[in-house]
Amino acid sequence: MLDQAFAFFKTGNFPAALEVLPDPSSPFISYWPPEVGAEAAYVRPLADFYARWDRLDYRGASDAIDAIPSGPSTGRWARFAVTDEMKAWVRRLAAPLPDDFRERAERLRYLVADLLANGERRIHQAMYEDAVIRAYRVLELVGQIHLFDYAMDSESVDPNHPKVQELQEKKEKEGTPLGKNKAGRYQLGRENTARLLKILGDERAKEMLELGKKGVINATTRNKSVLVHGFEAAAKTDVAELKSVYED
């Protein structure tokens, strides 16, 4: 049972580890050898913490930290001991998003890194469709972060900004003008955010636009995903292309 839990830990399947571990609060725990109960009492809170973190429940993971007892310094579970750096990382992600644009950009860089690692685990677990959605969101977030660096919010862009007006002129010529929210400000999607960054002179915009054209995460393919608006998988079986996107 503990061996099974350890195998699940190694593959990142933390909910499955919780399922197979004996519950120390159960009256049946007395039927197990004391050392098994003691090991389970440590591993269960650990599995709960990792499971919450892995499903992007940062607040839940932050709350679960305090329930984790001191871990072993040696033995097979030592590699999964929660370090102070990990605690700080999760608590940072669990904190409210700052109002200041540049502070918000800094905070979201941690989220991008976390989503990227999460998507890589989905690839390892053959959950390719989930990995596609995460890759698209990472690229989208990168654009939003860079725009925050310019003290601009892609969800609420000032239509009177000269660079924004330049983008709108281009969009009108293409027959796809920018849409406004209820406050009369523009809302930019992933591609238009990158295009605005290019007009602003951001040297990273070209690479962002090129990456956004890649097969598995371009807007057309992503929107046809069964997890978004479509009726079939976007990832299919081309794992090499998906891995290439993550590497880029």
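1. The structure, a predicted model, holds one cavity of 30 Å³ or more. The largest cavity has a volume of about 30 Å³. Its lining consists of Leu-139, Glu-140, Gly-143, Gln-144, Arg-190, Thr-193, Ala-194 and Met-208. Two elements give two or more residues to that lining: helix 7 and helix 9 (190-199). Helix 7 gives the most, with four residues. By class, the lining of the largest cavity splits into three nonpolar, three polar and two charged residues.

2. The largest pocket has a volume of about 290 Å³. It is lined by 15 residues, and the closest to its centre are Val-138, Leu-139, Val-142, Leu-211 and Asp-248. Helix 6 (101-124), helix 7 (128-149), helix 10 (205-211) and helix 12 (239-247) each give two or more residues to the lining of this pocket. Helix 7 supplies the largest share, five residues. The pocket lining divides into 11 nonpolar, one polar and three charged residues.

3. Helix 7 gives the most to the cavity lining and the largest share to the pocket lining.

4. **Overall fold.** The protein chain has 12 helices and zero strands. Read along the sequence, the pattern is α-α-α-α-α-α-α-α-α-α-α-α. The C-alpha trace spans about 75 × 40 × 30 Å along its principal axes. Of the contacts with a separation of 6 or more, 63% are between residues 24 or more positions apart.

5. **Surface and burial.** The protein chain has 248 residues, and 43% of them count as buried. The chain exposes about 13,700 Å². Carbon and sulfur atoms supply 51% of that area.

6. **Nonpolar cores.** The largest nonpolar core has 38 residues. Phe-9, Leu-46, Phe-49, Tyr-50, Trp-53 and Trp-77 have the most contacts inside it. Elements that give two or more residues to this core are helix 1 (2-10), helix 2 (14-20), helix 3 (34-54), helix 4 (58-65), helix 5 (84-94), helix 6 and helix 7. Helix 3 gives the largest share, eight residues. Another core, of 16 residues, lies apart from it; Val-157, Val-164, Leu-167 and Ala-205 are among its members.

7. **Helix 4.** This helix is mostly covered, with six of its eight residues buried. The buried residues are Tyr-58, Gly-60, Ala-61, Ser-62, Ala-64 and Ile-65.

8. **Glu-129: buried or exposed?** Glu-129 counts as buried because its relative accessibility is 12%, and the cut-off for buried is under 20%. Glu-129 lies in helix 7. Leaving out residues up to four places away in sequence, Glu-129 touches Ser-225, Val-226, Leu-227, Glu-232, Ala-233, Ala-234 and Ala-235. One of these partners, Glu-232, is itself a glutamate.

9. **Gln-168.** Gln-168 is found in helix 8 (residues 162-174). Its relative accessible area is 8%, so Gln-168 is buried. Neighbours within four places in sequence aside, Gln-168 is in contact with Pro-177, Leu-178 and Tyr-186.

Terms used. Residues numbered from 1 in each chain as written. Predicted model: local features only at pLDDT ≥ 70, side-chain atom pairs only at ≥ 80, totals over all residues. Heavy atoms only, no water. 1 Å grid on protein atoms, 1.4 Å probe; cavity = no way out; pocket = protein on both sides within 12 Å on 5 of 7 lines; lining within 4 Å. Points joined across faces, edges and corners; volume = space filled by probe spheres on them. Nonpolar A, V, L, I, M, F, W, Y, C, P; charged D, E, K, R; others polar. Core = buried A, V, L, I, M, F, W, Y, C linked by side-chain atoms within 4.5 Å. Buried < 20%, exposed > 50% of the residue type's maximum accessible area, 1.4 Å probe, protein only. Contact = heavy atoms within 4.5 Å. Areas by Shrake-Rupley, 256 points an atom, 1.4 Å probe, with all protein chains shown as cover.
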